[in-house]
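User: Please take me through this structure by asking, for each term applied to it, what value stands behind the term.

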There are 2 protein chains.
Amino acid sequence: MSLYEVTVPQMAKMLNNMKAWMAEAEQYAEERGFHPDNYLNARLQMDQFPFSRQLQAACDTAKGSAARLSGQTPPRHEDNEATFEELRARIDTVLTYLAGFSASDFDGWETRLVPLPFLSGKGASAASYATEFALPNFYFHVSMVYGILRHSGVKLGKRAYIGGMQIVDL
Amino acid sequence: MSLYEVTVPQMAKMLNNMKAWMAEAEQYAEERGFHPDNYLNARLQMDQFPFSRQLQAACDTAKGSAARLSGQTPPRHEDNEATFEELRARIDTVLTYLAGFSASDFDGWETRLVPLPFLSGKGASAASYATEFALPNFYFHVSMVYGILRHSGVKLGKRAYIGGMQIVDL
């Protein structure tokens, strides 16, 4: 199994799922008569990142994982989104970036070391980086986006979280 | 990369991380003067599963993933935990179960089909089951456990979520 398979296409799918939750959130805002920008500062606890920052972190983890696991430097995004609409555009920017990757960009991952941005001079094997950091961190922020929307009243279910799967007949 | 590597050891680590969050939650309960069993029904929204059910689902996904990805039938657990202490014991039961697996139990995963419990007559390749269902579902419930504790006031940080990593010098 390639490291590409377990990261890029699945992260892209989850980002698309997130856009579907945002569409539900928009409809809920319309029904209740509030502006969808109100979601940006919603949070589960006062000392935890709000919706906007969780969404940006999910985007950054997807972007950074694709780049670092293939030995590239991720593009920098400014985290200056001030509206619900701009957050959606941020997701689209990352989806376009991810679409530029193919499995062959990951060639050599078996022996690649990935520097840890939060620990100077230290790194992890690409496999370990993906399994122990990229995936758990990505799903954390995606789940916080989901959880904050649920906490804010938006009706979402597990099917909307998981999204489509490659299903076969038994 | 083996399917075992991306699932069992990492899921076991996250379950151990979860036990560390529970220890923090217990300490917070003591400081504030409430019983830790109060966490069991805490939830982010009235129509979402509470703490106890999220924790059971995380355990079940870990147990079920190890079993199904290696072609076995997972043991059944009754979901009858009524105390914080019993939930901790549930995690320990699953940790013991996971410790019984080794990479060789997954042999043949490249061609294994995994039945989907929620879709009769349908399944997914083991690789797809792991990437598209087991990991996202596991991290979802783990993150909800974390999110519910944060929402309930327990002070946790990203380091407690990620836990230890296999780090190397660059």
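Analyst: What follows goes from the interface to the sheets and then to the helix pairs.

The model is predicted, with local features requiring pLDDT of at least 70 and side-chain atom pairs counted only at pLDDT 80 or more, whereas totals for chains, interfaces and linings use all residues. Residues are numbered from 1 along each chain as its sequence is written, and chains are lettered from A and ligands numbered from 1 in the order in which they are written.

User: How many residues of chain A are in contact with chain B, and what makes a pair a contact?

Analyst: Two residues are in contact if their C-beta atoms, placed from the backbone, lie within 7 Å; by that criterion 40 residues of chain A are in contact with 40 residues of chain B. The elements giving two or more residues to this side of chain A are H1 (3-32), S1 (113-115), S2 (122-125), H4 (126-151), H5 (158-162) and S3 (168-169), where helices (H or I, at least four residues) and strands (E, at least two) are DSSP runs numbered from the N terminus. H4(A) gives the most, with 15 residues.

User: What is the make-up by class of the side of chain A that touches chain B?

Analyst: That side has 23 nonpolar, 12 polar and 5 charged residues, with Ala, Val, Leu, Ile, Met, Phe, Trp, Tyr, Cys and Pro counted as nonpolar, Asp, Glu, Lys and Arg as charged, and the others, Gly among them, as polar.

User: What makes S1(A) and S3(B) edge strands?

Analyst: The open sheet has 3 strands in the order S1(A)-S2(A)-S3(B), with antiparallel pairing, and its edge strands, S1(A) and S3(B), each pair on one side only. H4(A) packs on this sheet, touching S1 and S2 of chain A, and its direction makes about 95° with that of S2(A).

User: Which strands form the open sheet that contains S3(A)?

Analyst: Its order is S3(A)-S2(B)-S1(B), again 3 strands with antiparallel pairing. S3(A) and S2(B) are joined by 2 bridges, A:Asp169 having B:Lys122 as its bridge partner and A:Val168 standing opposite B:Gly123. H4(B) lies across S1 and S2 of chain B at about 95° to S2(B).

User: Why are H1(A) and H4(B) called oblique?

Analyst: Their axes come within 11 Å and cross at roughly 50°, the axes being lines fitted to C-alpha atoms, for helices over the stretch in contact, with angles running from 0 to 180 degrees between N-to-C directions. Angles under 35 degrees count as roughly parallel, over 145 as roughly antiparallel, 65 to 115 as roughly perpendicular and the rest as oblique; H1(A) and H4(B) are therefore oblique to each other. In this contact A:Glu5, A:Val6, A:Gln10 and A:Met14 meet B:Ala127, B:Thr131, B:Glu132 and B:Pro136, which divide into 4 nonpolar, 2 polar and 2 charged.

User: What makes H2(A) roughly parallel to H3(A)?

Analyst: H2(A) (residues 51-69) and H3(A) (residues 84-99) pack at an angle of about 10°, with their axes 10 Å apart, and that angle makes H2(A) roughly parallel to H3(A). Among the residues that meet are A:Leu55, A:Cys59 and A:Ala62 in H2(A) and A:Ile91 and A:Val94 in H3(A); the contact divides into 9 nonpolar, 2 polar and 2 charged residues.

Notes
Pairing = 2+ DSSP bridges.
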